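Open the model in a viewer and keep the sequence panel beside it. The stops below go from the whole chain to single residues.

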Amino acid sequence: MNRAPASVWRRPTHFFAFGLGSGAVPWAPGTFGTLAAIPFYWMMADLPLAWYLSIVFVAFVVGVWLCDKTSHDLGVHDHSGIVWDEFVGYWITMAAVPFSWEAALWGFIVFRIFDVFKPWPIRWADRRVAGGFGIMIDDVMAGIYAWSTMHLWFWLH
């Protein structure tokens with residue numbers, strides 16, 4: 001377990017990289033980071049899809065920088081408390097999914113499954129891609145897998 005550094009509460013880049021502080025919990029920070037992303041999805045869910053995807057894209061680009069900077073500052077490649085990538089991965093999971101608490105819960109579960117188990121090529125990317133892009137890309141891929149699962153489930157029902 002990596003303890004959250006005090007800089008999370010003093011440096012805006014660290015605060016955002018740690019998912020507005022949600023990654024500072026002492027256990028399961030990725031789960032708490034994903035939970036913290038849900039209210040933002042709720043606020044974005046009714047936006048036109050182009051706006052929603054634009055916000056997610058900007059969050060990804062900014063996230064690459066945030067995660068790279070924070071990782072470098074802490075001297076740890078992918079500190080477990082860096083959870084901005086979970087925010088973006090969850091938002092990808094929920095793209096074009098109409099908001100309901102049931103959908104938000106299922107998206108949370110499906111995303112966490114792909115993020116934790118990392119099926120190919122997610123695990124490959126997680127181990128071989130460095131820097132802020134490396135921190136972000138495995139969660140983007142998990143989000144795409146989870147998005148596909150969510151939309152397949154909606155299509156079948």
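This is a predicted model: local features need pLDDT of at least 70, side-chain atom pairs count only at pLDDT 80 or more; totals for chains, interfaces and linings use all residues.

Residues are numbered from 1 along each chain as its sequence is written, and side-chain values use heavy atoms, with hydrogens and water left out.

**Whole chain**

Show the chain as a cartoon. Its secondary structure comes to seven helices and zero strands; helices (H or I, at least four residues) and strands (E, at least two) are DSSP runs, numbered from the N terminus. The radius of gyration is 15 Å, close to the 15 Å from the globule rule for 157 residues, so the chain is as compact as a globular protein of that length. That radius is taken over C-alpha atoms, and the rule is 2.2 Å times the number of residues to the power 0.38. Along its principal axes the C-alpha trace spans about 45 × 30 × 30 Å.

Colour by accessibility next. Of the 157 residues, 46% are buried, where buried means under 20% relative accessible area, exposed over 50%, and partly exposed in between (1.4 Å probe, protein chains only). Among contacts (heavy atoms within 4.5 Å) between residues at least 6 apart in sequence, 73% join residues at least 24 apart.

**Helices α2 and α5**

Select residues 29-44 and 101-117. These are α2 and α5, whose axes come within 11 Å and cross at roughly 145°. Axes here are lines fitted to C-alpha atoms, for helices over the stretch in contact, and angles run from 0 to 180 degrees between N-to-C directions. Show side chains: α2 contributes Gly30, Thr31, Thr34, Leu35, Ile38, Tyr41 and Trp42 to the contact, and α5 contributes Trp101, Ala104, Phe108, Phe111 and Arg112.

**Helix α3**

Move to residues 49-74. The 26 residues of α3 should span 38 Å at 1.5 Å a residue, and the end C-alpha atoms are 36 Å apart, which agrees. The expected span is 1.5 Å times one less than the number of residues. Buried residues of α3 include Tyr52, Val56, Phe60 and Leu66. The buried residues of this helix pack against α1 (12-17), α2, α4 (84-93) and α7 (131-156). Just after α3, Gly75 takes a positive phi of about 70°.

Now pick Cys67, which is found in α3. Is Cys67 buried or exposed? Cys67 is buried, with a relative accessible area of 0%. Leaving aside neighbours within four places in sequence, Cys67 is in contact with Ile82, Trp84, Gly132, Ile135 and Met136.

**Loop residues**

Go to Ala96, in the loop between α4 and α5. Its phi is positive, about 65°, although Ala96 is not a glycine. Ala96 counts as partly exposed at 47% relative accessibility.

Lys118 sits in the loop between α5 and α6. Phi of Lys118 is near 45°, a positive value in a residue other than glycine. Lys118 is buried, with a relative accessible area of 13%.

Finish at Pro121, which lies in the loop between α5 and α6 (122-128). What kind of peptide bond joins Trp120 and Pro121? The bond is cis, with omega about 0°.
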